[in-house]
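The structure is shown below.

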Amino acid sequence: MKIAFYNTKQYDQEYFDKANQKSGHEIHYLSCHLNKETASLVQDAKVVCAFINDTLDADVLTTLKDKGVELIALRSAGFNHVDLPSAKRLNLPVVRVPAYSPYSIAEHAVGLLLCLNRGIHRAFNRTREGDFSISNLMGFDLHNKTIGVIGTGKIGQAFVKIMNGFGCEILAYDPFPSDDCTKLGARYVSLEEIYTQANVVSLHCPLTPETHHLINEAALEKMQDGVSIINTSRGKLVDSKAMIHALKKGKVGLIGLDVYEEEETLFFEDLSARGIQDDVLARLTSFPNVIITSHQGFFTHEAMLNIAETTIANINQFELDGSIQNNVT
Ligand code: NAI
């Protein structure tokens, strides 16, 4: 099938070309994001492959449908960027990669926490400058600390397993508790209890109307002084301005973010020559106890392999008999 592949980076092409070797789909790699201006570049492709920072709103979906597109193949697990009611109305199926490597994101969350806690990012800079002092780099043992995990699906559980290995007490919140997670050592409690008791809060739930700005001023106020917050899920789970306020007051000790509220136009691009235009992001990056990575939690060899292979398998299935696997509903 002919596939219009938007938002291509060199690494995407490398992994998708390999995964497509047997299937032989005709992939047209486009470097631009998918949006209202670029939707018409789809030409006569039957499938559009899109990423998390592409726009798939009603206008774009209508243009794609009018151009003869029959399938939207997301190369991501998250789908909050797709107007699903419009896709349904247009009879345009949307498929995704539901699980590619929960370990990649869980391990990144742990990496952020360890780096922040022990000041590794600061030590890296110091020693390169010949500064071998350790003042202000004191961390805390994770052993015996209380970790609050919000969202205990695939990634949340992988995170619980790792933190259990550190000897932490793990409190979990999820509207759909899992026995498997309890067996991994977590204890389900209310959100309130997580806020009041956890030394570290790590977010692993999806972005929905209920979870939008879940971590806001009121939630932060309830938390332990010096709490560490890790968000590898979606930027809008956190109110960034409330976070800055809490950092300035010293209420929050450490913040590790792999996602940011307004990341769509920033992340995955090299904007170093023009400086950060987003004042909230610029303020966040100015704190020594904040680390921001640009949505790279998924970016491991194993995850990329799975993403490419599952996306091609989703397209193969559709080509074979028109059936939809890994449908987003
Ligand atoms: P999953 O679907 O396996 O688990 C999500 C869990 O969140 C489910 O157990 C669900 O019941 C729970 N949940 C739903 N509403 C909730 C609420 N209001 N409060 C607390 N929990 C709630 O998803 P998975 O694979 O574990 O992914 C989790 C999130 O990680 C995704 O939604 C996505 O936003 C993010 N993600 C980030 C990546 C990165 O590169 N940084 C890559 C992939 C996913």
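The model discussed here is predicted.

## Ligand surroundings

The ligand is surrounded by 23 residues, and the closest are Lys154, Ile155, Asp174, Thr232 and Asp258. By class, the shell comprises ten nonpolar, nine polar and four charged residues.

## Polar contacts and burial

A polar side-chain atom of Lys154 lies 2.8 Å from a ligand oxygen, while Ser233 places a backbone N or O atom 3.2 Å from an oxygen atom of the ligand. On the side of Asp258, an N or O atom of the side chain is 3.0 Å from a nitrogen atom of the ligand. The ligand taken alone exposes 860 Å², of which the protein buries 83%.

## Salt bridges

Side chains of opposite charge can pair when their charged atoms come close. The model contains nine salt bridges, counted with a cut-off of 4 Å between side-chain nitrogen and carboxyl oxygen. One of them joins the side chains of Lys2 and Glu26, with an N to O distance of 3.8 Å. Because Lys2 belongs to strand 1 (residues 2–5) and Glu26 to strand 2 (residues 26–29), this pair ties together parts that are 24 residues apart in sequence.

Key:
Residues are numbered from 1 along each chain as its sequence is written. This is a predicted model: local features need pLDDT of at least 70, side-chain atom pairs count only at pLDDT 80 or more; totals for chains, interfaces and linings use all residues. Side-chain values use heavy atoms; hydrogens and water are left out. A residue is near a molecule or strand if one of its heavy atoms lies within 4 Å of it. A polar contact is a pair of N or O atoms within 3.5 Å; within protein, one must be able to donate a hydrogen and the other to accept it, and residues adjacent in sequence count only if both atoms are side-chain atoms. Accessible areas come from the Shrake-Rupley method with a 1.4 Å probe; for residues, only the protein chains shown count as cover. Ala, Val, Leu, Ile, Met, Phe, Trp, Tyr, Cys and Pro count as nonpolar, Asp, Glu, Lys and Arg as charged, and the others, Gly among them, as polar. Helices (H or I, at least four residues) and strands (E, at least two) are DSSP runs, numbered from the N terminus.
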